Amino acid sequence: GTQRSLLGMVVLVVSYMSLVKQNTPAAKEGYTTDADTGIAFPNTVRVDGKGLTLLGVGVRTKVVVNVYSAGFYAEAGPVAKDLKSFKGRTATKLAGDAAFFKAIQMAPSAKAVILDFARAVGAAKVAEALSAVPGAKAKPREELQACITARGDLKKGDKLMLSWPRGAESVSVKSKQDTLCTVKDAALAKGLLTMYLGGSAVSPKLKSSIAKIAAETTLAA
């Protein structure tokens, strides 16, 4: 009886481990996977002729639902130069250091965030969320809202890209390589960057990932 029970437990454990393995996203060469969603992001992308490197990935949740995974990109050289003073810090220390994220935000580098949707979301909801930038004037916020709404509802697997030129005086919205709009308003553009790198960031896991990757690569002692 005891042997049979033990055998049953072993079978259960093996079955569970097999299930976990099946549901764990496989590592793809040249990609980094968000463990929460299984969504993979290319480690490098070209945006407006500039090569950008993936700095981190993280899920955006609403209540307990995974809405999208975000991949944050920037030009590796200028960012690494501006982060020299943080060399040797642990991922935990970096993740809690507002100055570290401010340095990334202010670095003279083009930047981009790819939003890869984990579920279907209405375009109006996405537009409302992304245009809710404190301090931005009504007109540029409405311009951004109209641009995203016109793109149409987002299905699971759809992607949106937000991109900023060096200096972040404007922000562009791209879908399938097409630029849907460019809103030339510094307050809105910088506010959107703060939405991902600031103290009340929409994805704390993205910030943790940026800190972890930096600590293990660029800033490794």
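Which backbone nitrogen does the side chain of Asp 185 reach? The side chain of Asp 185 reaches the backbone nitrogen of Leu 188, at 2.9 Å. This is a polar contact, a term for a pair of N or O atoms within 3.5 Å; within protein, one atom must be able to donate a hydrogen and the other to accept it, and residues adjacent in sequence count only if both atoms are side-chain atoms.

## Basis of the model

This is a predicted model, in which local features need pLDDT of at least 70 and side-chain atom pairs count only at pLDDT 80 or more, while totals for chains, interfaces and linings use all residues. Residues are numbered from 1 along each chain as its sequence is written, and side-chain values use heavy atoms, with hydrogens and water left out.

## The chain as a whole

The chain has 8 helices and 9 strands. Helices (H or I, at least four residues) and strands (E, at least two) are DSSP runs, numbered from the N terminus. Of the 221 residues in the chain, 42% are buried. Buried means under 20% relative accessible area, exposed means over 50%, and partly exposed is in between (1.4 Å probe, protein chains only).

The chain exposes about 12100 Å², and carbon and sulfur atoms supply 57% of it. Accessible areas come from the Shrake-Rupley method with a 1.4 Å probe; for residues, only the protein chains shown count as cover. Among contacts with a separation of 6 or more, 61% are between residues 24 or more positions apart. Contact here means heavy atoms within 4.5 Å.

Asp 185 is in the loop between β9 and α7 (186–197). Asp 185 is buried yet has no salt bridge. The nearest side chain of opposite charge is that of Lys 137, 6.1 Å away. For charge, Lys and Arg count as positive and Asp and Glu as negative; His and the chain ends are not counted. A salt bridge needs a side-chain nitrogen of Lys or Arg within 4 Å of a carboxyl oxygen of Asp or Glu.

Leaving aside neighbours within four places in sequence, Asp 185 is in contact with Pro 140, Glu 169 and Ser 170.

## Salt bridges

Side chains of opposite charge can pair when their charged atoms come close. The whole structure holds 9 salt bridges. One of them joins Arg 151 and Asp 158, at 3.2 Å from N to O. Asp 158 counts as buried because its relative accessibility is 11%. Arg 151 and Asp 158 also belong to a network of salt bridges with Lys 155.

Lys 212 and Glu 216 form another salt bridge, with their closest N and O atoms 3.0 Å apart. Both residues lie in helix α8 (residues 204–216), 4 residues apart, which is about one turn of the helix. Lys 212 is partly exposed, at 44% relative accessible area, and Glu 216 is exposed, at 51%.

Asp 97 takes part in a salt bridge with Arg 89 (3.0 Å, N to O). Arg 89 has 32% relative accessibility, so it counts as partly exposed. Asp 97 also caps the N-terminal end of α4, where a side-chain oxygen lies 3.0 Å from the backbone nitrogen of Ala 99.

Buried residues in helix α4 (residues 98–106) include Phe 100, Phe 101, Ala 103, Ile 104 and Gln 105. Gln 105 is 89 residues from Thr 194 in sequence, and the two are 7.7 Å apart in space, C-alpha to C-alpha. Thr 194 is in helix α7 and is partly exposed, with a relative accessible area of 33%.

## The disulfide

The structure holds 1 disulfide, a term for a pair of cysteine sulfur atoms within 2.5 Å. The sulfur atoms of Cys 147 and Cys 181 are 2.2 Å apart in this link. The pair links distant parts of the chain: Cys 147 is in helix α6 (residues 138–151) and Cys 181 is in strand β9, 34 residues apart. Cys 147 and Cys 181 are both buried.

The link of Cys 147 and Cys 181 is left-handed, with -95 degrees about the S-S bond.

## Two positive phi angles

Ala 168 lies in the loop between β7 (159–164) and β8 (171–175). Phi of Ala 168 is near 50 degrees, a positive value in a residue other than glycine. Ala 168 is buried, with a relative accessible area of 6%.

Gln 177 is in the loop between β8 and β9 (178–183). Phi of Gln 177 is also positive, near 75 degrees, and Gln 177 is not a glycine. Gln 177 is exposed, with a relative accessible area of 74%.
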